[in-house]
Amino acid sequence: MTELSEIRNLVIDMDGVLYRGNEPLPRLPDFIRFLRDRGIGFVMATNNSGSTPEQYASKLGKMGATVEPHEIMTSGTATAAWLAARYGRGTRVHVFGEDSLRDAMAKAGFTVVDDGAEVVAASIDWGVTYDKIKRAAVQIRRGAAFVATNLDPTRPTEEGLVPGTGALIAAIEVGSGVKPIAIGKPEPAMFEMAMQQMGATPECTATLGDRIDTDMDGGRRAGLRTILVLSGSTSRPEAEAYGPDFLFEDIADLLAHWEQC
């Protein structure tokens with residue numbers, strides 16, 4: 001079995017791992033400092049595309065953890081990169097989601113439109129309405145490709161688990177009759193992009209997350225080691241039944257063990 005000391009790179013989930021909502025989890029700043037002091041590369045890879053990398057970096061900074069925007073990959077920026085490899089600049093993209101996803105699409109060279117789209121890119125939308133669901137579904141029925149940043153059914157918050165991106169994507173799928181292509185975890189694409197950014201290989205890289213169906217399954221599909229923490233969406237019985245490579249209560253527990261290596 002791989003030892004913690006053999007891990008040189010991490011693909012780190014955020015919600016439920018580093019914080020819950022706006023509450024940092026114990027020893028968050030210490031954990032980031034430890035990674036930098038040990039020379040362990042990392043990319044924060046989150047399925048939540050409701051904010052930009054710059055906004056996430058600011059949020060972490062307020063929690064005492066210094067992380068640069070280029071060290072953060074959202075499912076929105078990953079989706080924009082995936083589309084850019086397949087569609088030319090100027091392709092008309094309709095965004096069902098927040099301004100952060102529109103920003104990612106614009107930066108990738110796409111033309112963001114309300115109607116007449118060649119692609120519908122869908123994600124979390126905090127102000128979802130029937131009209132927004134209808135607009136996306138109609139354009140997909142007219143032939144637009146349907147791409148989802150992720151299919152997470154829930155997300156952890158201070159209130160507990162609440163509906164996630166997948167809950168909204170399901171409405172568009174039912175309304176359009178078309179299944180989306182999903183880019184975020186557990187698809188390998190985000191893990192592969194993160195490793196490419198770090199110059200890492202699967203053999204020395206681990207995924208650190210709180211969800212079995214995204215972080216753990218996706219990491220295994222990409223050939224990574226798996227570190228599961230119980231501070232988010234997974235209970236201990238579920239975790240033990242799954243059998244990740246490493247299991248800890250939270251990043252404080254992980255850090256306490258890793259510091260001894």
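**View 1. The largest pocket of this predicted model has a volume of about 220 Å³.** A pocket here is an open set of points on a 1 Å grid over the protein atoms alone, where a 1.4 Å probe fits, with protein on both sides within 12 Å along at least five of seven lines; the volume is the space filled by probe spheres set on the points, which are joined across faces, edges and corners. Of the 16 lining residues, Asn 48, Gly 50, Ser 51, Tyr 56 and Trp 126 are the closest to the centre of the pocket, and a residue counts as lining if it has an atom within 4 Å of a point. Local features need pLDDT of at least 70 and side-chain atom pairs 80 or more, whereas totals for chains, interfaces and linings use all residues. Residues are numbered from 1 along each chain, and side-chain values use heavy atoms, without hydrogens and water.

**View 2. Helices α2 (53-62) and α4 (99-107) each give two or more residues to the lining of the largest pocket.** The most comes from α2, with three residues. Helices (H or I, at least four residues) and strands (E, at least two) are DSSP runs, numbered from the N terminus.

**View 3. Six strands form an open sheet in the order β5-β4-β1-β13-β14-β15, with parallel pairing.** The edge strands, β5 (72-74) and β15 (246-248), each pair on one side only, where pairing requires at least two bridges found by DSSP.

**View 4. Strand β1 (residues 9-12) runs parallel to strand β4 (residues 41-46), and four bridges join them.** Within this pair, Val 11 has Val 43 of β4 as its bridge partner.
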